[in-house]
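I wanted to look at the aromatic rings, then at a pocket.

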Amino acid sequence: MLTPSILSDTVRKYLSTPESIWYALFTVMNVLFLFDLYVDWRQHTVISNPKRPKELSKLCTEEEYAKSREYNVDRSRVSLYEKVYNHILGLATLFIAVPWIWKFTGNYMTNRLGFTSDSEITHSALHQVVVTIISALQPLPVSIYRTFWLERKHGFNKTTVRTFVMDLIKGVLLGLILGIPFTLVFLWVIKRTGNYFVVATCAVTLVIQMLMVLIYPTLIAPLFNKFTLLEEGELKSKISALANRINFPLTKIFVIDGSTRSTHSNAYFFGFYKNKRIVLFDTLIEQMSSEEVAAIVGHELGHWAHNHMLHGLIQTQLNILWMFSLFGLVMNYEPLYAALGLSDRPLVIGILLFSQLISPLGMIANLFMTWHSRCREFQADRYAIDLGYGNVLPTAIIKLYKENKTILPHPNA
């Protein structure tokens with residue numbers, strides 16, 4: 001039986017020196033990168049085939065398939081380059097930038113700000129400020145290329161340079177305003193709760209999740225998009241009637257100006273208890289009939305009917321539980337930190353290193369969560385069909401795929 005003591009002894013046996021941990025980190029990151037790259041390359045070779053699969057012959061024309069294939073080939077090619085770029089920067093960040101930033105901010109904090117060297121919480125805050133800014137700038141070259149070449153080439157991009165820059169600034173500020181306090185709360189809880197830190201961390205995570213569910217659609221999302229109430233008319237009547245029929249506590253229906261950034265379309269709902277709100281992309285309304293939009297909304301309401309949001313919260317809690325339970329076995333293990341040349345044991349870096357070491361387990365967990373997510377999508381489809389949209393939903397989904405140029409499934413999907 002795999003007990004914590006056996007697991008801890010195993011870790012210490014095979015990862016007994018800073019050098020062995022360094023090589024383990026380097027090996028894990030590279031092996032997972034190569035595996036991920038291989039899987040994406042296989043998908044790229046499949047979608048590069050210009051021949052339309054016979055399964056799609058009744059769903060789209062040759063021209064529609066050709067446009068979808070061209071878009072997905074370009075997107076896949078950019079994704080492959082992006083993975084290589086991110087991997088190289090990821091290695092440099094973990095093995096060079098992170099320890100350097102920790103030492104630099106420590107010296108700055110002690111010599112310039114007058115804090116003592118044992119002020120780990122304050123040190124971690126300053127460290128995370130620098131890391132947050134660097135993390136926001138790292139994907140910028142690919143993001144610029146993807147937005148202003150790839151998406152524009154295929155007729156999706158509507159983002160202006162000003163909007164792009166403002167979104168970047170807002171994202172960095174939100175990362176600092178929200179991310180830093182949340183990180184510090186985690187560190188404080190771990191340090192203050194001793195042997196009960198795993199349970200305490202799960203509780204804090206749950207509170208933060210619920211808080212984000214509350215503030216994201218009402219305070220954060222409006223910073224990036226304009227929300228307006230859906231005007232009276234056929235569409236609003238259909239959605240309201242649908243909500244009343246299934247006792248969905250609908251209070252408002254919003255239209256979001258997604259067309260200011262892209263022609264991609266979507267719909268979702270948010271809210272707690274008896275204060276639910278539905279959000280429709282303006283592009284979705286433009287692309288579909290009222291009945292088709294109602295069918296898409298019926299699918300989204302299927303997620304509500306089957307408590308899929310609750311499932312997501314539970315999955316996150318279980319993920320936090322097993323990860324921090326394992327981390328507790330090595331959180332004070334000095335060679336883990338010495339692998340990056342650190343003499344102290346900063347928890348913020350320890351968590352980062354540990355998450356990289358157990359990333360193979362995380363990949364397995366992600367496979368399960370992906371499978372579960374697909375099952376939930378099928379449940380939501382079935383719910384919409386049971387509501388009477390059996391004839392409309394398939395055409396609406398096919399139209400959604402056509403408009404987004406994603407009607408190009410893998411043969412094993």
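This is a predicted model: local features need pLDDT of at least 70, side-chain atom pairs count only at pLDDT 80 or more; totals for chains, interfaces and linings use all residues.

**Rings**

I started with a group: Trp22, Tyr23, Phe26 and Phe95 make up one aromatic cluster.

Next I searched the whole structure and got 15 aromatic pairs. Buried or exposed, I asked of Phe95? Phe95 is buried, because its relative accessible area of 15% falls under the 20% cut-off. Trp22 comes out at 29% relative accessibility, so I put it down as partly exposed.

Then I checked Trp100 and Phe104, which are stacked at 5.0 Å centre to centre, with 10 degrees between the planes. Both sit in helix H3, four residues apart, about one turn of the helix. Trp100 is exposed at 52% relative accessible area, while Phe104 is partly exposed at 42%.

I also looked up a charge on a ring: the charged end of Lys170 sits over the ring of Phe224, 5.8 Å from its centre.

**Pocket**

I moved on to the second largest pocket, with a volume of about 650 Å³. I found 23 residues lining it, and Met29, Asn86, His87, Gly90 and Gln356 lie nearest its centre. Which helix gives the most to this lining? H3 does, with seven residues. Helices that supply at least two lining residues each include H2, H4, H13 and H14. By class I logged 11 nonpolar, 10 polar and two charged residues in the lining.

Note on methods. Residues are numbered from 1 along each chain as its sequence is written. Side-chain values use heavy atoms; hydrogens and water are left out. On a 1 Å grid over the protein atoms alone, a cavity is a set of points where a 1.4 Å probe fits but cannot get out, and a pocket is an open set with protein on both sides within 12 Å along at least five of seven lines; lining residues have an atom within 4 Å of a point. Grid points are joined across faces, edges and corners, and a volume is the space filled by probe spheres set on the points. Ala, Val, Leu, Ile, Met, Phe, Trp, Tyr, Cys and Pro count as nonpolar, Asp, Glu, Lys and Arg as charged, and the others, Gly among them, as polar. Rings of Phe, Tyr and Trp (its six-membered ring) pair if their centres lie within 6.5 Å; planes under 30 degrees apart count as stacked, over 60 as edge-to-face and the rest as tilted. Buried means under 20% relative accessible area, exposed over 50%, partly exposed in between (1.4 Å probe, protein chains only). A charge sits over a ring if NZ of Lys or CZ of Arg is within 6 Å of the ring centre and within 35 degrees of the ring normal.
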